[in-house]
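Please have the sequence and the model open side by side while reading. The paragraphs below move from one region to the next.

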Amino acid sequence: MPIGPDGLAALGAALLEHATTAAQEESERAGAALGTDLVRELFALRGRPQAETFRAVNESLRALVKLEHPDSAAGGFAAAIVNLLELSARTGNCQSLGLRMAEHRQLSDFGEVSLLLSYQPNLREALQVIVQYIHLFNNALAIFIEEAGKAVIIREEIITDAPMPSRQATELAVGVMYRFCAAQVGVGANWHPISVNFTHDAPADLTIHKRLFGCKLEFGSEFNGIVCHAADLDIPNPLANQAMARHARQYLDTLLVETQQSLMTDVRKAIYLLLPMGRATIEQIARTLGMNVRTLQRHLEESGATFSE
């Protein structure tokens, strides 16, 4: 990594001070502190067993959802991590930091969701699982799957309460998604999507990008994500197991209750992704969230909100 624990601690302290003056909500400050502490701990765990990294992330997320005002806390948590990635990349003069981190990610990094993912019949179903349970492992990431004829667009956007540079977090998210898709379709490094797209400009050195993706790279694009063949999503998974998937889903549904995830956060993410395409209708948002319109309306009413186009 391009910056050591001591330098990271100083950056984290500066970031937390900024968060305190910019947002007075105690929950947001607490979330920012958790995010900073998590990144510092991950630096300390470099070279240690994967299980220790998973434990650190899992404990931080569980602590996060127990804070008051979980939406504000999650915003502070996400902003801390996104900012620290950007600061670390600049300090270490490493524009490919996010992708370097993605190269070492494994299925287990999806946390408890990884068990359900491994038993899905194909990539199409696995992607829907990620969309449905994403807040169990990444509350700042919004994903939208769009089919366009024989192609599929897997859009990913980093969403924080306040706009901020997120090049490293975006490339980390897209890199992790690429590695997951390649492994899920069963062809590993030989899988080549149509293109990998980023809204930001190309870095001076594309070595890591070409090594990881091995396909057409489009910078300055209208979206962040991956374009692949629709047929790739239906390649059977030889490890699929309907019974095990059912048990895994039942367990994850208990976690959804425990986290009390705000539906408003999910709706805001969906609107953020769909609005530029003119598709932020209640029907499309309900479909994106894996529910019908009536169910979405009922949940919104229970939260004291309504949907108007």
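What follows is a walk through a predicted model, beginning with a pair of strands, passing to a serine in another strand and ending with the cysteines.

Strand 1, which spans residues 141-148, is mostly covered, since six of its eight residues are buried. Its partner is strand 2, residues 151-158, which runs antiparallel to strand 1 and is joined to it by eight bridges. Within this pairing L141 stands opposite I158 of strand 2. The two strands form a hairpin with two residues between them, and in that turn G149 has a positive phi of about 70°.

S195 lies in strand 3, which covers residues 195-198, and with a relative accessibility of 4% it counts as buried. Leaving aside residues up to four places away in sequence, S195 touches C215, K216, E218, G225, I226 and V227. The side chain of S195 also makes a polar contact of 2.8 Å with the side chain of N197.

The cysteines remain to be considered, and here the structure holds zero disulfides. For C228, the closest cysteine sulfur is that of C181, and because the two sulfurs are 6.4 Å apart, they are too far from each other for a bond, given that a disulfide requires sulfur atoms within 2.5 Å. C228 is also buried, at 0% relative accessibility, and C94 is buried as well, with a relative accessible area of 13%.

Methods:
Residues are numbered from 1 along each chain as its sequence is written. This is a predicted model: local features need pLDDT of at least 70, side-chain atom pairs count only at pLDDT 80 or more; totals for chains, interfaces and linings use all residues. Side-chain values use heavy atoms; hydrogens and water are left out. Buried means under 20% relative accessible area, exposed over 50%, partly exposed in between (1.4 Å probe, protein chains only). Helices (H or I, at least four residues) and strands (E, at least two) are DSSP runs, numbered from the N terminus. Two strands pair if DSSP finds at least two bridges between them. Contact means heavy atoms within 4.5 Å. A polar contact is a pair of N or O atoms within 3.5 Å; within protein, one must be able to donate a hydrogen and the other to accept it, and residues adjacent in sequence count only if both atoms are side-chain atoms.
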